[in-house]
Amino acid sequence: AALRLPEAACEAAATLGTERLDDSLQRTLGRAAEEEEDAPKSEELVLAIDVGATRTKLLLCAMTVGGCSPGRVRRLPPVPTARLWQNPALESEDKFDPEGAPARVRDYLLTCGVVSSRLGRLVFAVPGTVDLATEDRSDYTVVKNTPSMSPRFRGFDFKLAFREVCPRAKVSAVPDGLAAALGVACENRQLRSALVLILGTAPAVATLFRDPSGKGRFVEVAIWQSWVWFTKIRLDDPHGYCGGLRVTKEGLRVKPKDSHKIPHHQARIRFALDVLTWERLHGACAELPPHTQPSLSAEAAAKVWAARLQRAVDALAERFHSVYGPPEEVHVLGGNATAARGLVTAAKYVVPESRNPNPRSRPRGAGMGGTSAESEEELWQRVPVRVAQDDATQQQVALRGLLYSSHFKLKQVSAPGQDPLARGWTRGGEIYMYVPKDGRSEKEVSADFVADMASPVEPQQPRCAIAAARRRTAGSSGDGSAST
């Protein structure tokens, strides 16, 4: 609260006792709120919240109205997801309580000196998908599925839930994969196309494709979960995989976590690079039996992980090429990405248009070395791979993407393909087309927003102003007895 008071008020507050101070703060803030209601709006507070399976990350931006000049950006401390989205008092094993989350988010923001009722926009990243079958197609706010969290999130409406604690805010929600792709677009204005792979609780894939005319009329982002669920990669290690899919007469079913094929020569990307694999390589997975966990050293585990990631980016880059043409870059994000930094630097694949249509006619011994007769006939494409520098850096990408989305309006959404698992997050793809607001080009929006993100982070603490005033008062009185 003290952050919003003028210096004179802080000086006066330093002379008050605790009870009088609290009372004066309430009255002063009340008057300030009334004055602000009548004053013309020069900026809008936008809060981005990235809800992860383990941590919830937050980024606050005071954007100027119209977005014509840089705003002030503040990173709030990340908080365990369980603290905001779970209720330990629930008797059931599933402690997730999304309906009670708004009050907990409000209380947490207060500890950071942020009043939720003053927010002008809330943008959430959902670890899953949003419901596209809603009446309001301008902003989607209803969760369809969150496979890494709890079934209680299905049907949860962020807009309705946060109406009481954020009455002024316009609320929207996007899949976390889209947020990552928009973040890559925000940070890399020169990129015309990119493949984004997120290595979190479960791997996810998103794509970025900009207006090919170069006029910045739209930016297209998409999530392609079918690519990770149904694309298989060769395994060059003896550690196999856990989980998997089972083909039955009724269709495809997901196997239990402790079901495994160890060793095995191949695996779907979904099960080759998930968090269970990462943990069991280190011998640290509490959900799996000991005989499935090789307990490798950190260096050995990183080499296995990087080799699998290399196979994955090679295969996914080829899938991207089949839809959009060759990607300019591949970006790898997520909490389990940094282990492969420096070990995976480029994706390599055969250009689909040049692939030999008759595999049986290929010369014996032809492979990926680039020196065989097959390599002479087929064209190979190399794409740079960018792995996040560290965990703190990759966390900011999705948050920047959420703030970036507030400069756009959603013009079109399409979801081609069927959902083989009927679970809401493995459709053929969800393609979102965003166009800049106010008739601006996407390049202009990017330039302003990157400037916003380059603004210094404001180190704000709720009582810093009053504490400083009390120190000044104590210094002037000469007795040094005042306490902060």
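Here is a chat about the sheet, the helices and the aromatic pairs of a predicted model.

Trainee: What's the strand order in the open sheet of eight strands?

Mentor: The order goes β18-β19-β17-β8-β9-β10-β21-β20, and the pairing is mixed.

Trainee: Which strands are at the edges?

Mentor: Those are β18, residues 346–350, and β20, residues 408–414, each of which pairs on one side only. From one strand to the next, the twist averages 25°.

Trainee: Let's look at β8 and β9. Do they pair in the parallel or the antiparallel sense, and over how many bridges?

Mentor: Antiparallel, with seven bridges between β8 (residues 193–199) and β9 (residues 203–210). In that pairing, Ser 193 has Phe 209 of β9 opposite.

Trainee: And which strands does helix α6 lie across?

Mentor: Helix α6, residues 176–187, lies across β8, β9, β10 (219–223), β17 (329–333) and β21 (430–436). Its direction is at about 45° to β9. Helix α10, residues 298–324, packs on the sheet too.

Trainee: OK, helix on helix now. At what angle do α6 and α12 pack?

Mentor: About 85°, and the axes of α6 and α12 (residues 391–405) are 7 Å apart. The two helices therefore count as roughly perpendicular to each other.

Trainee: Which residues make that contact?

Mentor: On the α6 side they include Ala 179, Leu 182, Gly 183 and Glu 187. From α12, Val 397, Arg 400, Leu 402 and Tyr 404 are among them. By type, the contact of α6 with α12 has 10 nonpolar residues, three polar and two charged.

Trainee: Switching topic: how many aromatic pairs are there?

Mentor: The count is 16. One of them is edge-to-face: Phe 156 and Phe 158, at 5.0 Å centre to centre with 80° between the planes.

Trainee: Are those two buried or exposed?

Mentor: Phe 156 and Phe 158 are both buried.

Trainee: What about Trp 224 and Trp 227, and why is that pair called stacked?

Mentor: Their planes are at 15°, so the pair is stacked, and the ring centres are 4.9 Å apart. Under 30 degrees between the planes is the cut-off for that label. Both Trp 224 and Trp 227 are buried as well.

Trainee: Last one: which residues do ring pairs link into a cluster?

Mentor: Trp 85, Phe 96, Phe 124, Phe 153, Phe 156, Phe 158 and Phe 162. So the edge-to-face pair of Phe 156 and Phe 158 has both its residues in that cluster.

Key
Residues are numbered from 1 along each chain as its sequence is written. This is a predicted model: local features need pLDDT of at least 70, side-chain atom pairs count only at pLDDT 80 or more; totals for chains, interfaces and linings use all residues. Side-chain values use heavy atoms; hydrogens and water are left out. Two strands pair if DSSP finds at least two bridges between them. Helices (H or I, at least four residues) and strands (E, at least two) are DSSP runs, numbered from the N terminus. Axes are lines fitted to C-alpha atoms, for helices over the stretch in contact, and angles run from 0 to 180 degrees between N-to-C directions. Contact means heavy atoms within 4.5 Å. Angles under 35 degrees count as roughly parallel, over 145 as roughly antiparallel, 65 to 115 as roughly perpendicular and the rest as oblique. Ala, Val, Leu, Ile, Met, Phe, Trp, Tyr, Cys and Pro count as nonpolar, Asp, Glu, Lys and Arg as charged, and the others, Gly among them, as polar. Rings of Phe, Tyr and Trp (its six-membered ring) pair if their centres lie within 6.5 Å; planes under 30 degrees apart count as stacked, over 60 as edge-to-face and the rest as tilted. Buried means under 20% relative accessible area, exposed over 50%, partly exposed in between (1.4 Å probe, protein chains only).
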